[in-house]
Amino acid sequence: MSKRLKRIFQPKAIAVIGASDRKDSVGYSVMKNLLAEGFEGDIIPVNLSHNKIQGKKSYKSIRDIDKEVDLAVIVTPSHTVPQVVDECGQAGVGGLVIISAGFKEAGEEGKRMYEEIAHLARHYGMRVIGPNCLGFINPHLKINATFAARSARLGNIAFISQSGALCTSILDWANEQSVGFSNFVSIGSMIDVDFADLIDYFGTDQRTSCILIYMESLTDARKFMSAARAFARSKPIIILKAGRSAEGGQATLSHTGSLAGNDAVYDAAFQRAGIIRVDTIAQLFNCAQSLAMQPRPFGNRLAIVTNAGGPGVLATDSLMMNGGALAKLSEQSMKKLNSFLPPHWSHNNPIDVLGDASAETYQQALEVCLSDSNVDGVLAILTTQDVTDPAEAARAVIEVAKKYRKPVLASWMGEEDVKEGRDILEEGSIPHYRYPESAVDVFLKMHQYSRNLEMLYETPPAIPSQMNLKTEVAQAIIHTIMNSGRRQLMENEAKELMKSYGIPVGKFKVVSSEDQAAKFAREIGYPVVLKIASPDIGHKTDVGGVKVNLTNEVELRHAYTQIMKSAREKRPDAEIRGVLVEKMASKGLELLIGAKKDPIYGPVVAFGQGGVAVEVFRDMKLGLPPLNRVLARRIMEGTRIFPLLKGYRGMPGVNLEELELILCKFAYLVMDFPEIREIDINPFVMLEDGGGMALDAHIVLEKEKPVIRKPYSHLVISPYPEKYSKAVLLRSGQVASLRPIRPEDEPLEAQMLENISQQSLYFRFFGYVPQVTHDFLTRFTHIDYDREMAIIAEVEEAGVKKMAAVVRIISDAWGEAAEYAILVADPWQQQGLGGQMTDYIIDIAREMGIKKLYASVLAANKGMLTLFEKKGFVIEREDFDTFHAELMLEEVLVE
């Protein structure tokens, strides 16, 4: 995939199909921009009517060009584009940028042409950007394949936008702000190349340090999440997502559905993928600048050093209102500050060093703050004063910041008076802002980025251990309901389903008479609760169908009569099967645990404050399955009720570990049964005695059972595939455990690479011996199991676990072909390990639906060539130094 995109973004020959001499045409602008930028490769115009365009020889068809064309930029009318694409394929063009519009957005005929273009591109193996796009700019190669009025400055930001109109505005703004780009891409309708493809490509581009995205919509969320999770750790991905609306909350049947809007799901997904989300264009570039210049904070505790009280207060307000914390300076730090600040300084954080503070005072105050372990970052604020030199103060900030691995941000307030100081800060890699609130916003987003990255390490398993989930029981309940033609479970059915997955419920029974109700109440003991039992009534309180805290038989019989009467009056159409009787739960905190199926991201888990006023408080946090305890705790921490769950002002806290486990079990229920459309457990009560209980459950199923091609393919994040674990015996008699790689295997892989021979590294990395860094290892240990699989061989020697080998496959954009690679550490070579691991990864590839494995191998690597021959690979010479090996696979159907 990378090689195909390389022909688009790093072409040697570019054809402009539809190039023109007519100055008011797009074909003219694209051709002019390419020529003006100074691209050193070939620029070839294609035009049916002219022999020369803008001084260049023109061809009537792409097929007439007598040299290989890497990239064709198409600007012809929409009705001609399918034929042009076909001709490009026949001519062996590497990739296309289709600027032409008039396809999906232009009715049925446009959609038909759109689908035809997609089919042709796939048939010929061409990657396509567009249609209906501005094009792209690669400043490093001096390529401007757009019809924009201006080009992009050289820099290290990759910018990707769905909006061509926004691109032109950002180019104008970026030139004014001296912001540069490694690549600037308008992707339009995304007929082929999408966000995920470009994250993959720019994630491995050495000239790109940060990826910025303007997003309006998303189609393949699983592919997007896979790419983002693969690269977010090594390169910040910052997204401005348009459309903060609640469209996803329409036409839902549960509290979870109405509260968990589509935009909130994007928030949850971005956090899980390690993505930073911003709300404005300014934030987009502010965050990119700060992350490029400064280290990420380890926490949210900010120290503020200012020479004016007002801006310090504004910064504090912004910090506290948006989830930050004022750093509490240590007693030692306070003593140091007292030793050189005037007696009437603020004696607190914000540290007001007063209006006459010198550059030396700023330097000393920052030194104290940065050396304090209670401080995660520092904001220096300066307002112009007659006695203050903004330039000298800027130099002082730079000198101190160099000594510490903590972020330092600055707000030099004003314009002309502080311009020199700002320029000095810029040169010294200190991010600076006109207003302190902007600096605080960036600090908090940097902190959120750190928090999001922590979630990337979490890889919950597909098969949970020690949870005792009764999948067969749950399956029987769901299938019985669906086979009966119903979509909504009655409460007793829903509680049986909860019980099957270890979610605690109280004693309950559905009865059909007052006498039966009274008898069961005597058995379980008063007080009790009565609820209407009907497959047609979801929210029972709306029809007067709930009576609580009934302490004796007289109250029970009266309540039974009232419930039945009210339900029949308000829902005369409903089938009423009786009344559910259950034990009244003791006092506790009422929570909501729910799930809904988002149209983009699939199943989403919700958690927050529950009870009858759930939609009034609107205290809910979302998360994507699969979950483990760490991820469950992160969801809980994001709610306003969490301080009460921990214990607050003398009130005892609840059993958080138990609640974590329940959330995990609930997530597995949603994962295992894509038939579930929505669930509300409301309330789920955490009791004072430490336990928890689902008091009510509302479950809605899909109309038809979804077709799931592969296990968990309805999720956007693949769980850790524990099923791919087994033991093998080496020729030496040593046992090796084969299993998929995990992010926490980074130290094991680092140790293996550090102790491996230069020849082995040479063979694996084709002569390039890599520097073993954290970023390098992250790429190999943090993978998405949906499109990539890496199996390690783990051995144990003298009680120490070691990585003996790793084999991996990386699939293409369509999951049809995968590249194979293997590395066996020297002590375990010639032990039969490479052959066994190759057999295993071939079996896994078949199960994943991959049709072809391929690899490149150096001619000098005789052992690898022999292995390929034994396994049935077809081997052909690529060039003097390299062979290409290929193995066709038969797909194995997974039940």
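1. Helix 13 (residues 359–371) and helix 14 of this predicted model pack with an angle of about 25° between them, their axes being 8 Å apart. Here an axis is a line fitted to C-alpha atoms, taken for helices over the stretch in contact, and the angle, which runs from 0 to 180 degrees, is the one between N-to-C directions. Helix 13 and helix 14 are therefore roughly parallel to each other, given that angles under 35 degrees count as roughly parallel, over 145 as roughly antiparallel, 65 to 115 as roughly perpendicular and the rest as oblique. On the side of helix 13 the contact (heavy atoms within 4.5 Å) is made by A359, Y362, Q363, L366, E367 and L370, and on the side of helix 14 by E392, A393, A396, V397, E399, V400 and A401. By class, the residues of this contact of helix 13 with helix 14 are nine nonpolar, one polar and three charged, where Ala, Val, Leu, Ile, Met, Phe, Trp, Tyr, Cys and Pro count as nonpolar, Asp, Glu, Lys and Arg as charged, and the others, Gly among them, as polar.

2. On how the model should be read, residues are numbered from 1 along each chain as its sequence is written, and side-chain values use heavy atoms, with hydrogens and water left out. Because the model is predicted, local features need pLDDT of at least 70 and side-chain atom pairs count only at pLDDT 80 or more, while totals for chains, interfaces and linings use all residues. Helices (H or I, at least four residues) and strands (E, at least two) are DSSP runs, numbered from the N terminus.

3. Helix 14 (residues 390–401) also packs with helix 15 (residues 419–427), at an angle of about 20° and with the axes 7 Å apart. That angle makes helix 14 roughly parallel to helix 15, and helix 14 passes helix 15 in a right-handed crossing. Helix 14 contributes P390, A391, A394, R395, V397 and I398 to the contact, and helix 15 contributes E420, G421, I424 and L425. Seven nonpolar, one polar and two charged residues make up the contact of helix 14 with helix 15.

4. Helix 10 (residues 281–293) and helix 16 (residues 436–456) meet at an angle of about 65°, with their axes 10 Å apart; helix 10 and helix 16 are therefore roughly perpendicular to each other. Their crossing is right-handed. In this pair, Q283, N286, C287, S290 and L291 of helix 10 meet D441, V442, K445, M446 and Y449 of helix 16, and by class the contact of helix 10 with helix 16 has five nonpolar, three polar and two charged residues.

5. Helix 7 (residues 221–231) is mostly covered, with ten of its eleven residues buried, that is, under 20% relative accessible area, as against exposed at over 50% and partly exposed in between (1.4 Å probe, protein chains only). Among the buried residues of helix 7 are the arginines R222 and R229, along with F224, M225 and F231.

6. R207 lies in the loop between helix 6 (195–203) and strand 12 (210–215), and counts as partly exposed at 42% relative accessibility. When its neighbours within four places in sequence are left aside, R207 is in contact with H140, G155, N156 and S182. The side chains of R207 and H140 are joined by a polar contact of 3.4 Å, meaning a pair of N or O atoms within 3.5 Å; within protein, one must be able to donate a hydrogen and the other to accept it, and residues adjacent in sequence count only if both atoms are side-chain atoms.

7. Two peptide bonds deserve a look in the backbone. A cis peptide bond joins G130 and P131, with omega about -5°, and P131 is placed in the loop between strand 7 (127–129) and strand 8 (135–138). The bond from N349 to P350 is cis as well, with omega near 10°, and P350 is placed in the loop between helix 12 (331–340) and strand 17 (351–352).

8. Positive phi values occur at Q54, near 45° in a residue other than glycine, and at A798, about 55° although it is not a glycine.

How values were computed
Left-handed = near helix turned anticlockwise from the far one by under 90°.
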